[in-house]
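Hi,

Here is the structure I said I would pass on. Have a look at it first, and then read my notes below.

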Amino acid sequence: MTDDAGSPSNPPPPTAGAPDDLAAALLARCEGDLAGALEVLGAARDAVAAAQQRHESARQAVHKAMRRLGHAHQAAEQPMPRQTMRSLYWDHPDVRADEIAKAFEVRGGAGLLAPLVGPDEREVACAGGCGRTMVRRKRNRTDAKMLTCEYCQREAQQAAAERRAWLEQHEADWNAAYDRWASQVEALAAEGVFSGRVLVEHPDIPGVWRLDRHGRAERVD
Ligand SMILES: [Zn+2]
């Protein structure tokens, strides 16, 4: 930042306490804060783009190394390394399944890779955030189901039931209040309090109400 005190976009800090000076100083500070925050955001965006590029290059390098390993197995007339293929498929989800299939010559391609390497079983944390762990079994990578333990499932059901009950009660209370207010407006209308008026307000009754020609009240705001 250069010190360009006095320029229209960056006025000097106020010397007197006049409200105009304070407002201008606040404005300048807020604009400066926004520019600074945008600069940080831009740097973070560049870092993300660079990291993505590095990740993509590393992934391509893995694909190439897999192909070389596949060729080496072929040249040595060895069966394809099932454990390595399994680890590549399950432990490295960013290594493309079609590249694994191609490198190790899986007949039928990526679609037959999962049945070939077998399902994955590993301990995962409960999605409910309780800290418990459980065994998740996946048959292929696209199975993204989150596991929630019985305790968290019960908690979630109970919370949902409580929420529903609260909403129902709230709605019932609101409807009862509405009916009460409407009948108060109608009673006042019958006494001629709002004679000749369509839109009515009353200090004791919330909202603005419309009276139809039968004296029925309907809230309009
Ligand atoms: Zn849980």
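In which loop is Glu-77 found? Glu-77 is in the loop between H1 and H2, where helices (H or I, at least four residues) and strands (E, at least two) are DSSP runs numbered from the N terminus.

Two things to keep in mind. Residues are numbered from 1 along each chain as its sequence is written. The model is predicted, so to speak of local features I need pLDDT of at least 70, side-chain atom pairs count only at pLDDT 80 or more, and totals for chains, interfaces and linings use all residues.

The phi of Glu-77 is near 55 degrees, a positive value in a residue other than glycine. Most residues other than glycine have a negative phi. Glu-77 is exposed, with 6 other C-beta atoms within 10 Å. Glu-105 is exposed, with 11 other C-beta atoms within 10 Å.

Next, helix H2 (residues 82-91). Met-85, Leu-88 and Tyr-89 are buried there. Seen down the helix axis, the buried residues of H2 fall within an arc of 95 degrees, so they line one face; the arc is that of the directions from the helix axis to the C-beta atoms. Gln-83 and Asp-91 are exposed, on the face turned away from the buried side. The cover over the buried residues of H2 includes helix H1 (19-75), helix H3 (97-103) and helix H4 (113-117), going by contacts (C-beta atoms, placed from the backbone, within 7 Å).

Then there is the sheet: open, 3 strands, order E3-E4-E5, antiparallel pairing. Strands pair if DSSP finds at least two bridges between them. Strand E3 (199-202) and strand E5 (217-219) are the edges, each pairing on one side only. The twist averages 40 degrees from one strand to the next. E3 and E4 are joined by 4 bridges and by a hairpin of 2 residues, while E4 (residues 205-211) and E5 pair over 3 bridges. Arg-210 in E4 stands opposite Leu-199, and also opposite Glu-218 in E5.

Finally, helix H5 (residues 150-190) lies across E3, E4 and E5, at about 60 degrees to E4. Axes here are lines fitted to C-alpha atoms, for helices over the stretch in contact, and angles run from 0 to 180 degrees between N-to-C directions.

Cheers

Methods. A residue is buried if 20 or more other C-beta atoms lie within 10 Å of its own, exposed if 12 or fewer, and partly exposed in between; C-beta atoms are placed from the backbone. Two residues are in contact if their C-beta atoms, placed from the backbone, lie within 7 Å.
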